[in-house]
Amino acid sequence: MDARSDRNATPLAVDLDGTLLATDLLWEGLFILLKKNPLYLLLIPVWLVGGPARLKQEIASRIDIDPAILPYRESLLSRLRAEWADGRKLVLATGTPRKFAEAIATHLGIFDRVIATDGTDNLTSVKKRSALVALYGDGGFDYAGNSRHDLKVFDAARNAIVVAPDRAAKRWQDRNGGELVPGPERSLKTVFRMLRVHQWAKNGLIAVPMVLSAEYFNPIMLWQTLMAFIAFSAVASAIYIVNDFFDLPLDRRHPTKRDRPFAAGTLSIPFGIGSIIVLLAIGVAVSLTLAPVFGAVLVGYTVITLAYSLALKRMLLVDVLTLAGLYTVRVLAGAAATGVEVSFWLLAFSIFFFLSLALVKRFVELRTSTPAPGERIAGRGYRAEDHDVIAQAGLASAFSSALVLALYMDSTEMRGLYPHPWMIWPLPPIILYLTMRIWILARRGEMHDDPVVFIIRDWRSQVFVLIGAALLVAGAWPN
């Protein structure tokens, strides 16, 4: 018998989570369930008492997955399709609940048998090995796996295919041989994408109270502002990761968000959970160096952002008002960290200005989505017919922010802070330029970034922001 015939005569059993899929359906299912109803968190300890199999079955009975959008390891999948077409028997052998495994097997159409967690048996490690040996005999099958749970199965297989291995599986492969199919390397760039480092620029709003109070040469305030920036950035990144976990199915249907590290399976969910713990620890540790009121603002920001991720982002208008409020909270955080009093004028300007930018995000989503008449865009509370109202509200908010700023120019607070208030009069037209240009580009279909990030990256916007900053400094310069 030649090598090809010998290979085809031996079935190939393939693990699912981490092997055929670049993700873990238990973790994904857990976040889908919690997004559906966060109160399920109270039942998870009860289910765990009954063992892993019960936990998996309880989750699977309450949610569905879409096999078409899952992140498959394409190189392995292409190989499996070729071997199946060549006559080889393929077995999907997984600890995933049978409901999910059967759905994936049906979608792919290449598996001759499915062995999965069913009832009270968690089909991993020794139990998976026993099931495969009972069917094909010791050494009567090849096996593709990726983790420490697969080591016992590797030992019983004729040939082992070690796919994107964890440390335990890699050590096994180093000692025992077997075919290695490496996974994508975890690069610093990927970690930065997970952290959304470019979004940290939004936390520059923390410096606004210090700048407006003309204390930008005060070393103590500079240090307090820097510490507040670090704490907010760490906590914001942790919440971005949580948001990515809850939005995995939606992100995978999005033309650009599907490339995010967790949606694409480039990074694992356990790695993300570990990162959340580290980031929150950094945020708490840094906040303890500042005034207690800053810690209270940071906690409030965290709670509101989590509420936004879980529910508020799907509510009509509540979502954009929440986003505008979260930008304003950053300004309040800067005031809390430095002890600078925040004026009514600044808060009013901030709410209108950032409401306009939040509405730009929804406007762009409506332009780029194609929901059926009367249906909402995925994960939002908006329908296609809301397009014009969103644009009108956004433009009105932009002009309102400029109006508030213009009224501030003639206030007693302004004259008390700035010896040369006439130097600051160009600020309202600058604000109108920034917001109107964003709206024009959005209506042209040329706005692809978060508008706040766009302002930071766009050289024209940068020029006008620098001009505005120079005018503020000039207006506050002592006589």
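Biologist: Let's start with the aromatics. Which rings are linked into a cluster?
Modeller: Phe 31, Phe 245, Phe 246 and Phe 262 are joined into a cluster by ring pairs. Do keep in mind that this is a predicted model.

Biologist: Noted. How many aromatic pairs does the count come to?
Modeller: The count comes to 15 aromatic pairs. One of them is Tyr 143 with Phe 154, an edge-to-face pair with 5.7 Å centre to centre and 65 degrees between the planes.

Biologist: Why do you call that one edge-to-face?
Modeller: Because planes over 60 degrees apart count as edge-to-face, and this pair has 65 degrees between its planes.

Biologist: And which parts does the Tyr 143 and Phe 154 pair tie together?
Modeller: Tyr 143 is in strand β4, residues 142-145, while Phe 154 is in helix α8, residues 151-156, so the pair ties together parts 11 residues apart in sequence.

Biologist: Are those two buried or exposed?
Modeller: Tyr 143 is buried, at a relative accessible area of 0%. Phe 154 is buried as well, at 2%.

Biologist: Buried or exposed, Phe 232 and Tyr 301?
Modeller: Phe 232 is buried with a relative accessible area of 0%, and Tyr 301 counts as buried at 4%.

Biologist: What about charges over rings? What lies over the face of Phe 271?
Modeller: That's Arg 186, at 4.0 Å from the ring centre of Phe 271.

Biologist: Okay, switching to pockets. How much space lies in the largest pocket?
Modeller: About 1,600 Å³. Its lining involves 49 residues, and those nearest the centre are His 254, Lys 257, Arg 260, Lys 361 and Glu 365.

Biologist: Which elements give two or more residues to that lining?
Modeller: Those are α10 (188-195), α12, α13 (248-252), α16, α17 (318-338), α18 (344-368) and α22 (451-457). So you'll meet α12 and α16 again, the helices that hold Phe 232 and Tyr 301.

Biologist: Let me zoom out a bit. How many helices and strands are in the chain?
Modeller: The chain has 23 helices and 6 strands. Its C-alpha atoms fill a box of roughly 95 × 50 × 40 Å along the principal axes.

Biologist: And what share of the residues counts as buried?
Modeller: 49% of the 479 residues count as buried. As for contacts between residues at least 6 apart in sequence, 66% of them join residues at least 24 apart.

Biologist: Let's look at single residues. Where is Thr 94 found?
Modeller: Thr 94 is in strand β2, residues 90-97, and at 0% relative accessibility it counts as buried. Beyond its neighbours within four places in sequence, Thr 94 has contacts that include Asp 15, Leu 16, Ile 115, Thr 117 and Lys 128.

Biologist: You mentioned Lys 128. How far apart are Lys 152 and Lys 128?
Modeller: They are 24 residues apart in sequence and 8.6 Å apart in space, C-alpha to C-alpha. Lys 152 lies in helix α8 and counts as partly exposed, at 41% relative accessibility. Leaving out residues up to four places away in sequence, Lys 152 touches Ser 125, Val 126 and Arg 129.

Biologist: Last topic, backbone angles. What is the phi of Ala 164?
Modeller: Ala 164 has a positive phi of about 40 degrees, although it is not a glycine. You'll find Ala 164 in the loop between β5 (160-163) and α9 (167-176), where it is buried with a relative accessible area of 17%.

Biologist: And Arg 196, where is that one found?
Modeller: Arg 196 is in the loop between α10 and α11 (208-212). Its phi is positive, about 55 degrees, and it is not a glycine. Arg 196 counts as buried at 7% relative accessibility.

Key: Residues numbered from 1 in each chain as written. Predicted model: local features only at pLDDT ≥ 70, side-chain atom pairs only at ≥ 80, totals over all residues. Heavy atoms only, no water. Phe/Tyr/Trp six-rings, centres within 6.5 Å; stacked < 30°, edge-to-face > 60°. Helix = DSSP H or I, 4+ residues; strand = E, 2+ residues; numbered from the N terminus. Buried < 20%, exposed > 50% of the residue type's maximum accessible area, 1.4 Å probe, protein only. Lys NZ or Arg CZ within 6 Å of the ring centre and 35° of its normal. 1 Å grid on protein atoms, 1.4 Å probe; cavity = no way out; pocket = protein on both sides within 12 Å on 5 of 7 lines; lining within 4 Å. Points joined across faces, edges and corners; volume = space filled by probe spheres on them. Contact = heavy atoms within 4.5 Å.
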